[in-house]
Every structure is written in C-alpha cells, then in structure tokens.
Amino acid sequence: MNKTIVPVLLGADLNCYNVARAFHMQYGVKSYAFGRYAISATKYSKIINFRCVPDIDNDEVMLDTLHRFADAHIGDKMILFGCTDDYAAMIIRNKEELSDYIIPYPSEEILTTVSRKAEFYEACDRFGIPYPATVVLKEKTGADDLTEDNLGFAYPIIIKPSSSVDYWKHPFDGMKKVYVAHSREEAEKIISEIYDSGYPEKMILQEFIDGGDSQMRVFTSFSDSHGKVRAMCYGHTMLEEHTPKGLGNHAAIVTEPVSTLPVAEKIKDMLEEMGYTGFANFDIKLRAGTDDDYRVFEINLRQGRSNFYLTAAGLNVGRLAAEVFESKGNECEMVEKSVFWHHIPRKVAYKYTEDKELVARAKELDRAGLEYSSIWYKPDLRFNPLRFICVVEQLRRQNKKYKIYYPK
C-alpha cells in the first residue's frame, strides 16, 4: 500500500491493546491512542503512543483532538477505532466530521436503533433469530407488576439496561453490567436503583438461560463499507470476568468453526439487509442440556474487548479495517481454525472453567502451539522492563480477582 497506515484509538483498555497489537503484527506500525487516563493494559507499551486527554469523552474535545491529529498526518491512511461503547458511539455520531479517517463502524441510524437491546430484539424477530424470553420496561415499576405470571417466565431473572451507553453515564454505588434478581422484591430494588440514578432509557428483563460461563459463545462479523459481510469468527467461551463492572467480559475463549453456529447465516442476512458496515459483536448462549438452543443476547457496534481471539485465529482486525473495509467483494472469510485465546493466566482459566472437556481442548491447543495471550507480546516486552513488570502484575492480580469474585 502506498499510504502509511496510522491506527488511531480512543481508549486505553484491553480492547485498545488488542487492536494495537493486531496492527503491529500485520504492518509493524505503532498506534496512537487517546484516553482520559492511563490504564495498565496499555501502560509502558512500545507499540502504542498514548496521550492523556482528560475530557476526550466530550464530543467537542474529541473532535478538536482528532482534527489536530489529522492535520499533522495529511496523506496518511488513518483508521479510527473506539474501544468502549461510549467512544464508538461518539465516533459514529460524528462520522461526517471525521471524514479524514477510515471508520469501520455502522451509521448513526443503526446507533439510534439496534444498538439498544429492545430495538435489536425487534430486528431478531424479523429474521427468526432466537433470544431469551424478554419483557421491556419503559419506567420504574413495583413488585406487584413483577410476578412470574406477569413476566411470563420464572425467577431468577436477568436485568440489564437497554442502552449501555446511557447506563454508564449515570454511575451509582453497586453498579453492575448485568444483574440477577431472585425475587420480585429484589427485581424492584434493582430497577429502582437504576432509574433513580437518572438512567433515561428502557430496561430489559429476561429469562435466565441455564448454564455457566462455558455455555456462552461470542460471534464477531465484519462488513465492508458497501454493507457486505466479509468475515466471521466464532468463539466458545471458557471463562468470563466476575468483577461487578467486568461481569460478562470474556477472559478465555476457544474458537470453533463458524459452520457449527446455527444462527450465523441468519445474523449475516440481518446485517446485510440493514446495510450494516464495520465490526459487529454478538453475545450468545447455548442453553445447558441442549445441543441447538442458542439464544442471542445483544449486538455491540464495534469490535469486542476480546477481539484478539479473531487475530489469533487468522482474522487480523487491523487488516480487515485497512484492506477489506473499503474494498468490494462477495467473498466472506469464515474462520474454521481452533485456537486458545486468553488474557488471564492459563492456570486460572483451567482452574475455574467448569467444562473440563473444554479445558482439555485448550490444553491440547496449547501443546500444539495454538495458544495466544493478549498482553504477553514478546516484541513489546523485549528490552522493556517496565512493561514486563506491568504485565506480570496484571496477571498476578487475576488470581486474586477470581478468588474474591468467582461464585462459590
């Protein structure tokens, strides 16, 4: 390619590091990242040029920062990534003003519709994509309205905000990504706390799908700028994070052939009918005790936090953004390769994963040289003692986190 590739990332978390590593592996380039504060996932990295911008989550500050950066890199191929829901939403809202950048994300119309879980489930209905039995609330409600008869499913139930972007803007003590209520009284308390915080959007109440972390699946697609799905990758979750704000984030994944996921083609059809562009990430669960009862939970309008599982399986996210997004074609890369990805110590993944057959598969992949750790990247650790110490400490802390937060 004639132009110099310049990855520009908003954020500083593991998502940011995974994207930066993909670009470094593919093109040998350093990424530029802007975030409100430094985070250990990217701290002391040689492959990221990080700049702290305290108000980067403000649209005006973000635009000014990115315009100044673009002025200093005229002629380069700048590719812009958001590494949280909030950053991705900011980028999508301001796409027209960021025309200097390649932006591998969907339109603002998609942002204002299917990014919200309630509207996403309406789209799933049209394409026959199964999801958990769901009730949508528009306002705070009392325990009398939260009976099993009224809901149509039994306790325990799942409670989560329809709009994650709006939810995280209204913090309160005890805030979690997802809640489990075991009674209508507990459900009323959770719903009241969320709405009392100022959260303005709909709430999702869902049946609890039986099964632990290893019943979870993750599916990522990539569509070009013309709305054609050009790549898909499917992962079998071994273990999730269990800290209150990290609950549901993937900690270890074994990839499986896309052809083994029954809903993959339906999701592809839905995205293409929408004219979706860029990365889409889906959380899916296989109901325990079944072989084919897959339920789709949500869509994320960006690459997932655990996106290095794609790169490890041969679907480099940097290459997709730099080479595939603006190209034309009908071919779709479907990953059939199995690899073992993790960002926690392998021993922690082996110890806490309940599915021991899955653990055996991960160990077999490890022995075959198909094991990949996001943050254990030798080119970034070599002759970089501060980064090495930082990574070792990150891994050490994971042991403590699982001892404290993993359900007994």
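Modeller: The model is predicted. In the second largest pocket, the lining is made up of four nonpolar residues, one polar residue and five charged ones. The largest share comes from α5, with four residues. The space in this pocket comes to about 160 Å³.

Turning to the nonpolar packing, the largest core holds 99 residues, and Y101, F219 and F282 have the most contacts inside it. Helix α1, residues 14–27, gives the most to this core, namely seven residues. A separate core of 21 residues lies apart from it and includes I157, A181, I190 and I191. As for Y101, its contacts beyond four places in sequence are V8, L66, F69, A70, M78 and L80.

The threonine is T311, which sits in helix α10, residues 308–312. Its relative accessible area is 8%, under the 20% cut-off, so T311 counts as buried. Leaving out residues up to four places away in sequence, T311 touches A22, M25, N316 and V317. With V317 there is also a polar approach: a polar atom of the T311 side chain lies 3.4 Å from the backbone nitrogen of V317.

Methods:
Residues numbered from 1 in each chain as written. Predicted model: local features only at pLDDT ≥ 70, side-chain atom pairs only at ≥ 80, totals over all residues. Heavy atoms only, no water. Helix = DSSP H or I, 4+ residues; strand = E, 2+ residues; numbered from the N terminus. Buried < 20%, exposed > 50% of the residue type's maximum accessible area, 1.4 Å probe, protein only. Polar contact = N/O pair within 3.5 Å; in protein donor to acceptor, adjacent residues only side chain to side chain. Contact = heavy atoms within 4.5 Å. 1 Å grid on protein atoms, 1.4 Å probe; cavity = no way out; pocket = protein on both sides within 12 Å on 5 of 7 lines; lining within 4 Å. Points joined across faces, edges and corners; volume = space filled by probe spheres on them. Nonpolar A, V, L, I, M, F, W, Y, C, P; charged D, E, K, R; others polar. Core = buried A, V, L, I, M, F, W, Y, C linked by side-chain atoms within 4.5 Å.
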